[in-house]
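Hi everyone, thanks for coming. Let me put a structure up on the screen, and then I'll walk you through a few parts of it.

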Amino acid sequence: MSRVGKTPITVPSGVEVTLDGQHVEVTGPKGSIDMTVPGDISVRKDGDTIVLERPDDERKNRALHGLARSLVNNMVLGVSEGFSRELQIVGVGYRAVAKGADALELQLGFSHPVNVKAPEGVTFDVPEPTRIIVSGVDKQAVGQTAAVIRSYRKPEPYKGKGVRYLGEHVARKAGKAAK
């Protein structure tokens, strides 16, 4: 049996879970998020815990059991605590400017600024011109938005310039050797 899938999910106080067959809706202090559980995985509520069960040990159901449990757990964590990813900009003249809570203007060494619009439920915070905090209730949307921002100028190995995750190690290469 899946060790991840059989672990019950504890629902913290202030978070409300609504079950309607395969459809799960979670509402909390940070917002609301809903999802349809994949496959034949069943969801039930036992007091202040949520339990996910699979009908049999078929390969597909075994694969979806832990996935469905992780997705529902991330929904509960997202509406109670939220998720965030921090990005760091390295390079002379590279900077970010917030245009409201849901838009960014990035100067990344191109001849034009790069404008980024946040998807629904994701917000941007720019505490310094070289730091961006992407936050929201949906873990997948936060991670995907951070990855899209990073993809505009990935860190290069020679000078280390570009957009990287906070704490990301960039392997550096030696330049040309002089004769």
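Predicted model: local features only at pLDDT ≥ 70, side-chain atom pairs only at ≥ 80, totals over all residues.

Residues are numbered from 1 along each chain as its sequence is written, and side-chain values use heavy atoms, leaving out hydrogens and water.

Let's begin with helix H1, residues 59-80. Helices here are DSSP runs of H or I with at least four residues, strands are E runs of at least two, and both are numbered from the N terminus. H1 has 22 residues and spans 33 Å from first C-alpha to last, close to the 32 Å expected at 1.5 Å a residue; that expectation is 1.5 Å times one less than the number of residues.

Which residues of H1 are buried? Among them are Leu64, Ala68, Val72, Met75 and Val79, where buried means under 20% relative accessible area, exposed over 50% and partly exposed in between, with a 1.4 Å probe and protein chains only. The buried residues of H1 pack against several strands, including E3 (23-28) and E4 (31-36); contact there means heavy atoms within 4.5 Å. Just after H1, Gly82 has a positive phi of about 90°.

E3 and E4 form a hairpin with two residues between them, and they pair antiparallel over six bridges; pairing takes at least two DSSP bridges. Glu25 has Asp34 in E4 as its bridge partner.

Finally, Ala177 sits in the segment after strand E13 (162-165). Ala177 counts as exposed because its relative accessibility is 73%.
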